[in-house]
Amino acid sequence: MTINQTLEEKAKKIASGGAEKYHQKNAEKGKMFVRKRLELLFDDDIDIEDAFFANCQDEKLPADGVVTGIGKINGEKVCVMANDSTVKAGSWGARTVEKIIRIQETALKLNLPMLYLVDSAGARITDQVEMFPNRRGAGRIFHNQIKLSGRVPQVCLLFGPSAAGGAYIPAFCDIVVMVDGNASMYLGSPRMAEKVIGEKVTLEEMGGANMHCSVSGCGDVLAKDEQEAISFARKYLSYFPSNYRNLPKRHDSLEPADFDKTVEELIPKNQNAPFDMYQLIDRLIDEDSFCEIKKKFAPELITGLSRIDGRSVGIIANQPRAKGGVLFPDSADKAAKFIQLCDAFNIPLLFLADIPGFMIGTRVERAGIIRHGAKMLSAMSEATVPKISVVVRKAYGAGLYAMAGPAFEPDACLALPTAQIAVMGPEAAVNAVYANKIAELPEEERPAFIKEKHEEYKENIDIYRLASEMVVDDIVQPDRLRDELSTRFEAYSHKDVTFTERKHGVYPV
Amino acid sequence: MNEVKASMAGSVWKIVAQQGEEISEGQDIAILESMKMEIPIPAESGGTIKELKVSEGDFVNEGDVIAIIE
């Protein structure tokens, strides 16, 4: 054998991953081989791969169970680490960890996005002294993730389990895409839960993809299969620059899709009646440009990336169809992370407000709605990207503040003619001010009195009055809103401000 | 069998489906009144309404069962 033949043979063996039976087992679950995943993820294939020969003297550990390197997505370079679950279930040995740390360091040096394709059983206990406690042990992976956060986009595609400490890889990413049925995240397995705390539970219930994407909020996007997860990652990155120093790439402008109803016809005059906010969003953005994040989690608030006139815009919108669009601890939490994500990567923000306020009652007070709400306000307030707030209908109480109201330095606070801004809605306000008076009146006189006070109150908070007081910057015809937004985002695109000087705020979390 | 649950605390303002009725996914079963807002409660899956667990005017907490669908 020539030296070239020896090299080729060794390389071929490593590139084929673990034993055939593990490939078969994965295929039965709809799981692709790691190198196939990377082929689909990148424009071509992986361009640069490092430490391909890691642990090559142990035949059972090709590449030590992880592929790391650089490839291109939408023509832009990205760094990647991808577990190979055909090699010891994708577990982490000492070299696996070192490989991951090195590719993260490369992402840091080159300011490139970092993608984590996770499918791993966790630490290889037999290697624990070499991979767990030391300076360049697994802890360093998380330390690096925290360092990379906000510098470069970090994306996690979860194809299989992400157990115990490994569950922190998704936790520190900007976004986590989970494949339904296969992906899971948990600190202790169901078997451990039964042993240690006596709980009997299935993996799907405790840490499955559906649960995390709808209940815990640890997952952002539920994909039906691996292909869908990979396509999502490619689409998602098209809204982002490679790092915080650059602006997102501008795309060709597309008109919104065609609709029967105009914006004006879409929005009910009755402030208390629900309507579907997705329909308004679709009329404002370039056709098919909506990339929703956390669709199944806290649906009373919609968060998603979009394009208006070819420019990336992050949308935060109340959804009156779900829970009346009221803000809850989970929706405030969802907003805070999304706002930080957009602000970190120079993506302008659009707030569409139709909000009766924050939820009240024992349950939410015990859940700490005040501090969760404060977290949303902090993130919104600190965001220095172009920020436009549109009052679609009502914006009551702290709801106005949370949705980038005038006091929080939005570049513009616009109102539709249906807007209503007040401390509270007319019904609640009349009740609060005149409760005693109403009680004193004979019952037959009450309805007329209440109606009169409602009308007085409505006049007091009339949107033209608020425009006259310069509370809002403009009242916009509903069907001109897209053009108005497009002109304003263009004008604000050179915005250059620093929020304040300090090390960092002390955040309400 | 699927349970349709209240998405938030409030009072049952209107019940807009009937026991025994065939309903499709996303169709509203009831409308709550909460925070002065109308809150539609849609079915997460289609089927026949086996039982309505609430009456108009009842207070429901988040997670309370409104209807059972078969």
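**Figure 1. A salt bridge at A:Glu228 in the predicted model.** A:Glu228 is partly exposed, with a relative accessible area of 32%. The model is a predicted one. The side chain of A:Glu228 meets that of A:Lys224 in a salt bridge. The N to O distance is 3.1 Å. A:Lys224 is exposed, at a relative accessible area of 60%.

Figure 2. A salt bridge joins A:Glu226 to A:Arg37. Their closest N and O atoms lie 2.9 Å apart. The pair links distant parts of the chain, 189 residues apart. A:Glu226 sits in helix H11 (residues 226-237) of chain A. A:Arg37 sits in helix H3 (residues 34-41) of chain A. A:Glu226 has 1% relative accessibility, so it counts as buried. A:Arg37 is also buried, at 1% relative accessibility. Both residues belong to a network of salt bridges that links A:Lys31, A:Arg37, A:Asp119 and A:Glu226.

**Figure 3. A salt bridge in chain B.** B:Lys53 and B:Glu51 meet through their side chains in a salt bridge. The N to O distance here is 3.7 Å. B:Lys53 is partly exposed, with a relative accessible area of 43%. B:Glu51 is partly exposed as well, at 34%. Over all chains, the model holds 29 salt bridges.

**Figure 4. A positive patch on chain A.** A:Lys21, A:Lys25, A:Lys29, A:Lys60 and A:Lys88 form a positive surface patch. One of these residues, A:Lys60, lies in a loop of chain A. That loop runs between strand S1 (48-49) and strand S2 (66-73). A:Lys60 has a relative accessible area of 65% and is therefore exposed.

**Figure 5. A negative patch on chain A.** Negative charge gathers on the surface at A:Asp258, A:Asp260, A:Asp282, A:Glu287 and A:Asp288. A:Asp288 is placed in the loop between H13 and strand S9 (291-293) of chain A. At 69% relative accessibility, A:Asp288 counts as exposed.

Figure 6. The patch on the surface consists of A:Met192, A:Val196 and A:Ile197. Together these residues have about 350 Å² of accessible area. A:Ile197 belongs to helix H8 (residues 190-197) of chain A. A:Ile197 counts as exposed because its relative accessibility is 63%, where the cut-off for exposed is over 50%.

**Figure 7. A:Gln271, a buried loop residue.** A:Gln271 lies in the loop between helix H12 (263-266) and helix H13 (277-284) of chain A. Its relative accessible area is 11%, so A:Gln271 is buried; the cut-off for buried is under 20%. A:Gln271 and A:Arg371 are 100 residues apart in sequence. In space, C-alpha to C-alpha, A:Gln271 and A:Arg371 are 28 Å apart.

**Figure 8. Domains of chain A.** The domain assignment gives domain 1 (3-237), domain 2 (263-419 + 472-492) and domain 3 (424-461). Domain 2 is listed as two segments, 263-419 and 472-492. The centres of domain 1 and domain 3 of chain A, taken over C-alpha atoms, are separated by 61 Å.

Note on methods: Residues are numbered from 1 along each chain as its sequence is written. Chains are lettered from A and ligands numbered from 1 in the order in which they are written. This is a predicted model: local features need pLDDT of at least 70, side-chain atom pairs count only at pLDDT 80 or more; totals for chains, interfaces and linings use all residues. Side-chain values use heavy atoms; hydrogens and water are left out. Patches are made of residues with over 30% relative accessible area and no salt bridge: like charges are joined within 9 Å, nonpolar side chains (Val, Leu, Ile, Met, Phe, Trp, Tyr) within 5 Å. Accessible areas come from the Shrake-Rupley method with a 1.4 Å probe; for residues, only the protein chains shown count as cover. A salt bridge is a side-chain nitrogen of Lys or Arg within 4 Å of a carboxyl oxygen of Asp or Glu. Lys and Arg count as positive and Asp and Glu as negative; His and the chain ends are not counted. The place of a charge is taken as NZ of Lys, CZ of Arg, CG of Asp or CD of Glu. Helices (H or I, at least four residues) and strands (E, at least two) are DSSP runs, numbered from the N terminus. Buried means under 20% relative accessible area, exposed over 50%, partly exposed in between (1.4 Å probe, protein chains only). Domain bounds come from an automatic or database domain assignment.
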